[in-house]
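Q: Could we go through this model together, starting with the strand pairing and then turning to the pockets and the ligand?

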Amino acid sequence: MKRIETHAGGLDVIELPCQVPFPVQRIYWLRDTPVDATRGLHAHRTLRQVLVLVSGNVRVELDNGHTTTVHKLDVDNPQLPIEPVTWRVLSEFGEGTVLMVLASAPYDPDDYIRDYSTFLAVARAS
Ligand code: T46
């Protein structure tokens, strides 16, 4: 993401396709999340995504079935790619956080793995 500062404020740019490692087919954003809410708690079988923090801050835990990493998205660290077969847990949302997501495919409920044991079986078999 290119960040531009002007005397009247900032402007951030994502140019497609060169700055995203897949053709973007869907863009959505998470908003109005209560600060004590937890979102995610699932993995995707094939979907690739890039999280782009627009405002606020959020904690993202990524688990690939073998290791877990924690990412604090904020103004200095606004982007996070998530590859398929990664269990994600989003929590500690700051007040007014808006998290945009660039996704590689249209919405498909069948791509979701919402059961953690099923996720572990898929992750460890791949
Ligand atoms: C992800 C995290 C970061 C749709 O109808 N279309 C859509 O494109 C999406 C993303 C969701 N929905 C429906 C499905 C549910 O009824 O919106 C409702 C909320 O979705 P979900 O509970 O999956 O929301 P989150 O915030 O837990 O997860 C979302 C994405 O689903 C997921 O892919 O990685 O944001």
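Q: Which residue in E7 stands opposite Val60?
A: His71 in E7 stands opposite Val60. The model is predicted, so local features need pLDDT of at least 70 and side-chain atom pairs pLDDT 80 or more, while totals for chains, interfaces and linings use all residues. Residues are numbered from 1 along each chain as its sequence is written, and side-chain values use heavy atoms, leaving out hydrogens and water.

Q: What is the strand order of the open sheet?
A: The five strands run E7-E6-E9-E4-E11, with antiparallel pairing. E7 (68-73) and E11 (112-113) are the edge strands; each has a single partner, so one side of each lacks a neighbour in the sheet.

Q: Changing topic, which residues surround the ligand?
A: Among them are Arg26, Tyr28, Gly40, His44 and Tyr112, where a surrounding residue has a heavy atom within 4 Å of the ligand. E4 gives the most to this shell, with four residues.

Q: Which polar side-chain atoms lie 2.6 Å from a ligand oxygen?
A: One belongs to Arg26 and one to His44. A backbone N or O atom of Gly40 lies 2.8 Å from an oxygen atom of the ligand. The ligand alone exposes 650 Å², of which the protein buries 67%, with areas from the Shrake-Rupley method and a 1.4 Å probe.

Q: And what lines the largest pocket?
A: Its lining has 15 residues, and Tyr28, Leu30, Gly40, His42 and Leu90 lie nearest the centre. A pocket is an open set of points on a 1 Å grid over the protein atoms alone, where a 1.4 Å probe fits, with protein on both sides within 12 Å along at least five of seven lines; lining residues have an atom within 4 Å of a point. E4 gives the most to this lining too, with four residues.

Q: How much space lies in the largest pocket?
A: About 240 Å³, taken as the space filled by probe spheres set on the points, which are joined across faces, edges and corners.

Notes. Pairing = 2+ DSSP bridges. Helix = DSSP H or I, 4+ residues; strand = E, 2+ residues; numbered from the N terminus. Polar contact = N/O pair within 3.5 Å; in protein donor to acceptor, adjacent residues only side chain to side chain.
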